[in-house]
Amino acid sequence: MAVDRLERRKARTRAALVSAAQTFLAEGRLTAPILEITQAADVGMGSFYNHFSSKEELFEAAVDEALEALGAYLDTLTVGMADPVEKFTQSFRLTGRLFRADPSLSRVFVNSAAAQAITTERGLAPRSLRDIEEAVRSGRFDVEDTELALALVAGTLVALGRVLLDRPERNADEAVDRTAMRVLRALGVSTDEAAELVARPLPDTDRVSAATVLTATS
């Protein structure tokens, strides 16, 4: 029982540090000292080094867990979809809309290194790669190199998130869907089919926030 309490306390401390780091990332405060982060998390400096060897490792974990939570959440919205292209399209469109629905989620994503979003083994990248590979196998995508295709998709999402942050006056739904069409065209989908895919109705995410996404699978 004592061991269980210790493990729960350690888990709470780590979660508090990760949550604080996500807030700092969302605010673009990448140079904040560790002491400031531990104060925001309400944990001692010594506790920090029980979980992370450096601030960079903490920030990497913060981005990784945010992307994993978002990816897992998007998976729940594509249950029952057999077509990998439809799953890919819906996930791309929903991600773009979630960025605008809660800018803090977008800032965590955009203010992290774009390369991390592309190469991480958890989160959006492996799910997007899964859908791309399935679409290639079924002849739905015309792609020679799936890793380069993933780099195209991830880089586009990062850039799209930045545009939606910097230009709040833009119509987010229109911008996201136009970008989704361009991505689908780059992956070998015809113009007519791409237009039909982005015109399909989406699950209602109006009330979804970053907090909802980050706790959806906890």
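User: Is Phe 141 buried or exposed?

Analyst: This is a predicted model, in which local features need pLDDT of at least 70, side-chain atom pairs count only at pLDDT 80 or more, and totals for chains, interfaces and linings use all residues. Residues are numbered from 1 along each chain as its sequence is written, and side-chain values use heavy atoms, leaving out hydrogens and water. Buried means under 20% relative accessible area, exposed over 50%, and partly exposed in between, with a 1.4 Å probe and protein chains only. The relative accessible area of Phe 141 is 4%, so Phe 141 is buried.

User: How many aromatic pairs does a search of the whole structure find?

Analyst: Rings of Phe, Tyr and Trp (its six-membered ring) pair if their centres lie within 6.5 Å; planes under 30 degrees apart count as stacked, over 60 as edge-to-face and the rest as tilted. Across the whole structure, the number of aromatic pairs found is four.

User: What kind of aromatic pair do Phe 48 and Tyr 49 form?

Analyst: The ring centres of Phe 48 and Tyr 49 are 5.0 Å apart, and there are 80 degrees between the planes. Phe 48 is buried at a relative accessible area of 0%, whereas Tyr 49 is partly exposed at 47%. The pair of Phe 48 and Tyr 49 is edge-to-face.

User: How far apart are the centres of the rings of Phe 88 and Phe 141?

Analyst: The planes of Phe 88 and Phe 141 stand at 85 degrees, so this pair is edge-to-face. The centres of the two rings are apart by 5.6 Å.

User: Where in the chain is Phe 141, the partner of Phe 88?

Analyst: Helices here are DSSP runs (H or I, at least four residues) numbered from the N terminus, and strands are runs of E of at least two. Phe 88 lies in helix α5 (residues 84-101), and 53 residues separate it from Phe 141. Phe 88 is buried, with a relative accessible area of 4%. Phe 141 is found in the loop between α8 and α9 (146-166).

User: How are helices α4 and α8 oriented to each other?

Analyst: Axes are lines fitted to C-alpha atoms, for helices over the stretch in contact, with angles from 0 to 180 degrees between N-to-C directions. Angles under 35 degrees count as roughly parallel, over 145 as roughly antiparallel, 65 to 115 as roughly perpendicular and the rest as oblique. The axes of α4 (residues 55-76) and α8 (residues 124-137) come within 8 Å and cross at roughly 40 degrees. The two helices, α4 and α8, are therefore oblique.

User: Which residues of α8 make the contact with α4?

Analyst: Contact means heavy atoms within 4.5 Å. From α4, the residues include Leu 67, Glu 68 and Leu 70. From α8, they are Leu 124, Arg 127 and Arg 130.

User: How far apart are the axes of α10 and α11?

Analyst: Helix α10 (residues 172-186) packs against helix α11 (residues 191-198) at an angle of about 140 degrees. The pair α10 and α11 is therefore oblique. The distance between their axes is 9 Å.

User: Which residue is not a glycine and yet has a positive phi of about 60 degrees?

Analyst: Most residues other than glycine have a negative phi. The residue in question is found in the loop between α2 and α3 (45-49), and its relative accessible area of 70% makes it exposed. The residue with a positive phi of about 60 degrees is Asp 42.

User: How far apart in space are Leu 30 and Lys 55?

Analyst: Leu 30 lies in the loop between α1 (2-26) and α2 (34-41) and is partly exposed at 35% relative accessibility. In sequence, Leu 30 and Lys 55 are 25 residues apart. In space, their C-alpha to C-alpha distance is 9.2 Å.
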